[in-house]
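Here are a few exercises to work through with the model open beside you. Try each task before you read its solution.

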Amino acid sequence: MKNNISVHTITRIAVFIILSFAVFLLFAGHNNPGGGFIGALMTASAIVLLYISFDLQTIKKVLSFYFPYLIGTGLLIAMGTGISSMFFGYPFLTQFFDHAHIPILGNVELTTALVFDLGVYIVVVGVTLLIITTIAEDDS
Amino acid sequence: MSFLHIAIIAPFLFALIIPFFYKKISSVHTGWFVLVLPTVLFVYLLTFIPTIADGEVVTHLLSWVPSLGINFNIHLDGLALLFALLITGIGVLVVLYSVFYLDKDKESLHNFYFYLMMFMGAMLGVVLSGNLMVLYVFWELTSLSSALLIGYWYERKKSRYGALKSMLITVSGGFAMLAGFSLLYVMTGTFTITEIIAQVDVVTSSSLFIPTMLLVLFGAFTKSAQFPFHIWLPDAMEAPTPVSAYLHSATMVKAGIYLVARLSPVFSGSSEWFWLVSGFGLFTLLWGSFNAVRQTDLKSILAYSTISQLGMIMSMLGVGSAAAFYGYKAGFTAATVAAVFHLINHSTFKGSLFMVAGIVDHETGTRDIRKLGGLMTFMPITFTISIIGAFSMAGVYPFNGFLSKEMFLESMLHATDITSFNMQSLGVLFPVIAWVASVFTFVYSMILVFKTFRGNYQPEELEKKPHEAPVGMLIPPIILASLVVLFGFFPNILSHTIIEPAVKAIYPVSLTGVEHFDIHIKAWHGFNFPPLYMTISIIAVGVLMYLTLTKWQKIYAFLRLHKKDPINYFYDGIVNRIAPIAKKITKVPETGLLRDYLAYMYVFFIVLVGYTLFHFGGFAIDTNNVAEIPIYAWVLVAIIALSAILVPFITNRVIAIIATSFVGFLVALLFVMFRAPDLALTQLLVETVTTALFLLCFYHLPELRKEKTKPVFKWTNLFISIGVGALVTTMALSSLALGNKKPFESIADYFLKNSHDLGGGDNVVNVILVDFRGMDTMFEILVLGIAGLGIVSLIKLKMNGKEDL
């Protein structure tokens with residue numbers, strides 16, 4: 001691949017903007033448009049951008065995730081939030097929330113739904129990247 | 001559980017230990033062990049004779065599936081006892097005979113005796129069952145074991161053909177019978193035979209009476225080899241001769257007769273039953289005897305002879321059924337008495353004749369009467385037995401066949417006295433057919449004896465030097481032949497012990513009010529007795545025909561009967577052609593092309609849903625409650641529609657992908673317009689990702705197949721797609737209009753109200769996704785995970801489909 005400095009430079013900046021937007025979407029989801037699914041797709045698109053502008057092998061060295069593990073972890077988190085409510089005698093997947101006062105951040109709403117959403121996020125990132133890299137790597 | 005129950009089950013249990021005898025005690029012929037059981041059963045059943053002769057009925061109840069009315073009940077009356085004695089008695093003789101017939105080193109005896117015991121138990125079950133469903137179970141077991149026995153020498157093609165044929169025919173009859181029994185249950189609410197007989201007026205007045213009768217008779221006729229279902233019996237002669245003697249002359253083929261007799265109290269008295277049973281019986285009698293004359297194989301002659309004799313018994317039962325119409329006056333019951341008597345006689349002489357045929361086959365190596373001849377001097381004892389058997393079959397004094405043949409002729413003559421059932425005009429046929437068939441019976445009986453034992457001895461045609469059979473092989477036919485003579489001279493030893501209770505079972509006292517049937521069988525009725533002259537003329541014409549056999553036998557070639565029974569052409573035609581025809585029919589819709597199957601599915605969808613929609617008045621259009629449509633919505637929808645319509649006309653794949661995603665992005669815009677930000681965001685991102693994937697896959701398309709052809713256009717596809725689109729649109733409009741008519745409160749209000757308080761979030765969509773309906777989301781991410789792993793395994797594991805095999 002030819003050295004394309006302008007693309008590389010822009011990508012480096014753009015990826016961080018996209019990633020931060022993705023994280024914003026994930027956390028904003030409960031009260032504003034967004035959520036785990038969209039945030040994950042946004043994250044995946046940021047990484048896809050990296051794959052496109054750099055080399056597949058290079059990015060794999062930098063972001064050496066094994067995606068099937070990501071999928072498993074995400075599913076475990078999502079199910080774990082569901083099961084954890086059962087330990088307290090509530091039905092499966094009962095969500096709780098509370099408002100806590102945390103220094104610096106101020107009044108923050110803490111909710112178990114966010115953990116569930118995090119699970120969704122990890123699964124979707126894993127699946128999207130797994131599919132794209134697998135197809136792209138396939139030489140036959 | 002009584003001893004009679006155990007008697008039925010005993011052969012099955014005994015069958016299980018037969019392989020043990022065969023493997024462990026191989027020095028002794030397995031048959032000697034097997035011989036014990038039928039002997040014990042026979043002796044045990046003999047002890048019932050006094051009880052049954054007193055007119056009692058032995059019943060034992062045993063619950064099996066009481067909730068369905070299926071119970072393993074024993075009903076031992078005269079008819080059942082007669083059959084049970086035949087089954088066990090001839091069973092003893094057949095097992096003894098088979099010990100000498102089958103070689104213990106060359107044959108797989110454990111199979112043979114296993115099947116034989118299975119058959120014996122099943123047959124005992126058929127005749128002793130008091131419940132129709134249990135009777136059916138044993139009935140099918142007889143079909144199964146019979147097919148196994150016919151196919152005993154399974155390496156021979158003809159054996160397999162015969163086994164398959166008998167299986168197909170008898171099992172189809174069995175199924176019909178099951179349907180008939182079920183209809184009887186529908187009418188009476190019980191499967192117990194005695195209870196059905198008690199409700200005979202319910203059955204006869206029901207509209208299901210005729211179908212039930214036809215179904216039951218279909219079962220009985222197939223089993224008892226009545227025309228046109230008789231064709232399996234000659235092919236069943238591929239079985240070992242003991243099997244032929246046992247199953248195909250004495251017991252199994254009489255199961256149909258048993259069924260007709262057993263259900264006579266229910267059906268007799270109606271003209272349909274009378275005509276079906278006696279009509280089919282008489283025609284079978286004629287057809288069987290006519291065809292037996294042209295056979296050249298000993299066992300084939302006997303097979304057609306059995307068919308003919310079974311037809312004779314059946315016709316007597318049919319004529320006897322008229323007695324129900326005439327209040328069971330003594331004269332009209334004579335036919336049934338004759339049927340029962342002939343049933344016994346036939347078992348004795350036909351069993352012995354089969355055994356004789358087996359001996360001839362065993363000692364000379366052939367059964368072809370064209371090769372046999374002059375064996376009298378080599379096998380005097382066999383010759384004597386066959387003389388007795390054949391003359392009894394022909395109806396010659398002093399054997400028992402003479403008596404039953406006279407009774408048969410008498411009852412057929414008596415049938416002309418019946419004035420109902422249209423018998424005034426057609427009744428004259430009965431004695432005429434009986435007479436003609438009896439002449440043919442006489443002729444083939446003579447062929448059987450004289451072509452085999454008299455005439456020229458042809459040593460060059462025979463494989464072995466003929467000699468007399470071993471004693472053990474001769475004992476069973478000798479016993480049967482002595483019974484033939486015994487019953488011939490002293491017919492009345494049976495009349496009160498066996499025959500009268502059997503007739504009472506066919507004409508139950510509860511229906512007839514007749515307590516006592518006066519049965520007195522005698523050989524001499526004086527000169528004023530028409531059957532006597534009929535018998536004399538039969539013998540005279542028969543002798544004449546036998547002597548001129550070669551002159552008139554050409555008639556078979558003329559009638560095209562000389563090769564095989566013409567009914568076989570139908571059977572072979574059906575069996576051989578049904579698979580190719582089915583294949584052809586299957587190939588019409590099953591083209592293997594996915595697009596055809598899609599077309600079927602959509603057409604089916606259009607027809608079914610469209611019919612339902614319009615048939616039940618589901619079509620409605622209501623514009624009252626429609627929101628105002630802004631101008632930009634019109635524009636957007638118009639663009640979407642246009643680009644969607646254009647997609648099929650694009651010939652370049654890349655452009656088609658771009659156009660498709662264009663529609664997708666426009667839909668995202670639609671979501672924006674309808675204020676669904678989450679959906680719009682997701683739609684945008686998913687559309688981007690899928691477009692990327694599409695392009696990726698397109699890039700990977702193999703070089704050779706990169707055809708840039710125009711999509712094929714077909715009018716049918718156009719119509720189907722327009723139909724589906726129109727139907728779905730109609731459904732949507734109708735459901736909107738009907739939904740407005742009966743509005744339900746939307747659940748959306750609940751979510752809007754409680755999203756903040758219960759879910760702790762203001763994004764209602766997200767709260768629904770992760771909180772209210774979190775379970776759905778959880779499984780959706782599971783679906784995503786599975787899809788991802790699926791793609792990986794498809795690409796990474798390059799299996800070529802042979803790993804699992």
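**Exercise 1. Is Thr142(B) buried or exposed, and what does Thr142(B) touch?**

Step 1: Thr142(B) has 1% relative accessibility, so it counts as buried (buried means under 20% relative accessible area, exposed over 50%, partly exposed in between, with a 1.4 Å probe and protein chains only).
Step 2: Leaving out residues up to four places away in sequence, Thr142(B) touches Phe119(B), Ala122(B), Met123(B), Val126(B), Lys223(B) and Met252(B) (contact means heavy atoms within 4.5 Å).

A word on the ground rules: this is a predicted model, where local features need pLDDT of at least 70, side-chain atom pairs count only at pLDDT 80 or more, and totals for chains, interfaces and linings use all residues. Residues are numbered from 1 along each chain as written, chains are lettered from A and ligands numbered from 1 in the order written, and side-chain values use heavy atoms, without hydrogens and water.

**Exercise 2. Which residue forms a salt bridge with Arg262(B), and where do the two partners lie?**

Step 1: The partner is Asp77(B), with the closest N and O atoms 2.8 Å apart (a salt bridge is a side-chain nitrogen of Lys or Arg within 4 Å of a carboxyl oxygen of Asp or Glu).
Step 2: The pair links distant parts of the chain, 185 residues apart: Arg262(B) is in helix H14 (residues 255–267), and Asp77(B) is in the loop between strand E4 (74–76) and helix H5 (78–101) of chain B.
Step 3: Check burial: Arg262(B) is buried at 3% relative accessible area, and Asp77(B) is buried too, at 5%.

**Exercise 3. How many residues does each chain give to the contact between chain B and chain A, and which helix of chain B gives the most?**

Step 1: Chain B brings 38 residues and chain A brings 39.
Step 2: On the chain B side, H36(B) gives the most, with 14 residues.
Step 3: Now look at what is buried in H36(B): Met778(B), Ile781(B) and Val792(B) are among those residues. Their cover includes helix H4 (67–87) and helix H5 (112–137) of chain A, together with H35 of chain B.

Technical notes
Helix = DSSP H or I, 4+ residues; strand = E, 2+ residues; numbered from the N terminus.
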